[in-house]
Protein chains: 2
Amino acid sequence: MHRDNWDDLRFVLAVAEHGSLAAAARALGVNHATVLRRIAAFEQSHGLTLFERSPAGYRIPPERLKVIEAAREVAAAVDAVSRTLRGAGAAPAGRVRVTSTDSLCVAVLPEILAEISSEMPELRLDLVAANERLDLARLSAEIAVRPAMSLPDDLSGEIGAELGFAVYAQRVQGERCRQWLGLGGTLARTPLADWLAGQAEPERIAGGADSFVVLAGMAAAGLGRAVLPCPLGESDARLVRLAAPQPELRVPIWVACHAELADVPRLATLRRRILRGLARRAAYLACGVRA
Amino acid sequence: MHRDNWDDLRFVLAVAEHGSLAAAARALGVNHATVLRRIAAFEQSHGLTLFERSPAGYRIPPERLKVIEAAREVAAAVDAVSRTLRGAGAAPAGRVRVTSTDSLCVAVLPEILAEISSEMPELRLDLVAANERLDLARLSAEIAVRPAMSLPDDLSGEIGAELGFAVYAQRVQGERCRQWLGLGGTLARTPLADWLAGQAEPERIAGGADSFVVLAGMAAAGLGRAVLPCPLGESDARLVRLAAPQPELRVPIWVACHAELADVPRLATLRRRILRGLARRAAYLACGVRA
DNA sequence: CCTTCCCTGTGAAATCATGCACAGGGACAA
DNA sequence: TTGTCCCTGTGCATGATTTCACAGGGAAGG
């Protein structure tokens, strides 16, 4: 069944975009019979019919559009490989990119980087916010600051502090607001989401988002109460905390870089300083209490 | 040169992950000679050597790691196709996902959605923040709110307001801060980035980020001055605007959905309400002035 | 009505990729 | 040193893919 050939997707996409076997074949520079057979192979190996055949050409029914969108993602990713391959240049000296979740990029890291920047003014510090595919995209940065229970094998790093979570809501509505905000996207597959499922009945969920920063904005606008990382909830004056942080939800914050890059002196210095910055804010990160 | 076979990436990835032709071949269930030739074909078609050959196996030099990471992205995207193909289910009723840039997801849309939610309490409104690949990932949401000069063909929508940009910096440092913050990632390929390049000499750039929300946080922490969407800059009390919004940088904000979904009544209603919400805040969006 | 054009679909020949078997070489242990 | 093991790399037979050429059918236009 799974003959699993990524190249078939290229043909699927071409047919979807050109509307017919023949047009796709012209665009791809191959014979139309080839396209016919590759599409047939793809459909058979996945056990479904993707296209509507008609004498006028191949059409994708609307309910199959998502597959095409997903295939477009693949195309974009392949393009990215090409671009990476082309501009295989090393990162410019004097410039370090730090990646983290958007919460930390907004709530804590700017402060820490500002301290570091004043001590090392020659350095250019870029922040790369990436919630999803963190483990995959990690090479778009030299240093990663990641809340996680453990670190992937090829990363080398240390724990700087722990991140705590609590429930927040709009200050003026406060306790009266009985609606909840749910976790979407990649956040939906975290222990936090399980915990939340135990707190809020599904019919009480008025909305959701795939990012804590957005959730904080929604909670502040009065859409409902949300579980947020403490430093994020505390940093927004429009929000009020409804309960103490849940100790069972604490997550270590790792400061890491690729094992291969662990010895670069500049990166090692920066890692140490970020670690120190996190450690100095440990209480704030875990409980939202400013030292 | 461009023989362009996506399937070769599968072999590249397998060799990178297993460390040798032979191990990759075992994992893929093919002969090692096949792997050898596919790798060779890939390298030749891209005109470079990706792996370091040694008697002990194939190794990727650290500077080539990015290519592998990009290939992993492709793998993830292919997985997504499979998952989409498997669970070809429709979105649950009574739940609408709205996607936009992180700036608007944080600064304006929560307010608008809160108004809508109070009028249509049975609806669950999810916000999906997506800066990059917006045009590709658009099917992860039903409605898109997008600042852009024009709309892709397969989207149908209207302009709700215009988004203005201005330079902001930390209130306490204010004008004294002579450092700038640059635009990274996808933001680096926008007209805004060109404009910024005309304002700030490269050596004055102390940092950067791929998201305006993160840039706002960095500017507020005193890392430098940043160009920000007006509603985002105005919503942060720690920031002060250094100059009037640049009229030439204004961008229309589209409220759109897939052409195929344009007629769904529930979505049409929601689109209208979002449009109204944007129009009512036109001055705030364009100049940062609260009506 | 017929003609033309563009589409899908199919069978046979040619091309290309794959698997197999084997050569060569480094690493490691006896 | 010798033997073993695992690795890369290469010729050749085989089998799968692709191309080519052609059949059939709907749509548009005279």
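**A strand residue and its surroundings**

Reply: Asp126(A) is located in strand E4 of chain A, which covers residues 124-129. The structure is a predicted model. Because its relative accessible area is 4%, Asp126(A) is buried. Its side chain makes a polar contact with the side chain of Arg124(A), at 3.0 Å. Leaving aside residues up to four places away in sequence, Asp126(A) touches Arg95(A), Val96(A), Arg97(A) and Val98(A), together with Gly207(B) and Gly208(B).

These last two contacts lead to the relation between the chains. Chain A can be laid on chain B with an RMSD of 0.5 Å, by a turn of 180 degrees and a shift of 0.0 Å along the axis. The two copies are therefore related as by a two-fold rotation axis. The same surface serves both copies, since 97% of the contact residues of chain A recur in chain B. Among the residues of chain A, Asp7(A) comes closest to the rotation axis, with its C-alpha at 2.4 Å.

Thr99(B) belongs to strand E3 of chain B, residues 95-100. Its relative accessibility is 5%, so Thr99(B) counts as buried. The side chain of Thr99(B) reaches the backbone oxygen of Val128(B) at 2.9 Å. Val128(B) is also one of the residues that Thr99(B) touches, not counting residues up to four places away in sequence; the others are Ala130(B), Ala141(B), Ile143(B), Ala144(B), Val145(B) and Arg146(B).

Burial extends to a helix of chain A. Helix H8(A), residues 212-220, is mostly covered, with 9 of its 9 residues buried. Its buried residues include Phe212(A), Leu215(A) and Met218(A). At the N-terminal end, H8(A) is capped by Ser211(A), a side-chain oxygen of which lies 3.2 Å from the backbone nitrogen of Val213(A). After H8(A) comes Gly222(A), whose phi is positive, near 90 degrees.

Over all chains, the structure holds 0 disulfides. For Cys230(A), the nearest cysteine sulfur is that of Cys287(A), 6.7 Å away, and Cys230(A) is in no disulfide.

The protein also meets DNA. DNA strand C is surrounded by 21 residues, the closest being Leu21(A), His32(A), Tyr58(A), Thr34(B) and Arg38(B). By class, the surface near DNA strand C has 10 nonpolar, 6 polar and 5 charged residues. At least two residues of this surface come from each of helix H2 (21-28), helix H3 (32-46), strand E1 (52-54) and strand E2 (57-59) of chain A, and from helix H3 (32-46) of chain B. Of the atoms of DNA strand C within 4 Å of the protein, 59% belong to sugar or phosphate, and the rest to bases.

Phosphate oxygens of DNA strand C are found beside residues of both chains. One is 2.7 Å from a polar backbone atom of Leu21(A). A polar backbone atom of Asn31(B) is 3.1 Å from a phosphate oxygen of DNA strand C. With Arg38(B), the side chain is involved: one of its N or O atoms is 2.4 Å from a phosphate oxygen of DNA strand C.

Terms used. Residues numbered from 1 in each chain as written. Chains lettered and ligands numbered in written order. Predicted model: local features only at pLDDT ≥ 70, side-chain atom pairs only at ≥ 80, totals over all residues. Heavy atoms only, no water. Least-squares fit on C-alpha atoms with pLDDT ≥ 70 in both. Contact = heavy atoms within 4.5 Å. Buried < 20%, exposed > 50% of the residue type's maximum accessible area, 1.4 Å probe, protein only. Helix = DSSP H or I, 4+ residues; strand = E, 2+ residues; numbered from the N terminus. Polar contact = N/O pair within 3.5 Å; in protein donor to acceptor, adjacent residues only side chain to side chain. Near = heavy atom within 4 Å. Nonpolar A, V, L, I, M, F, W, Y, C, P; charged D, E, K, R; others polar. Disulfide = S-S within 2.5 Å.
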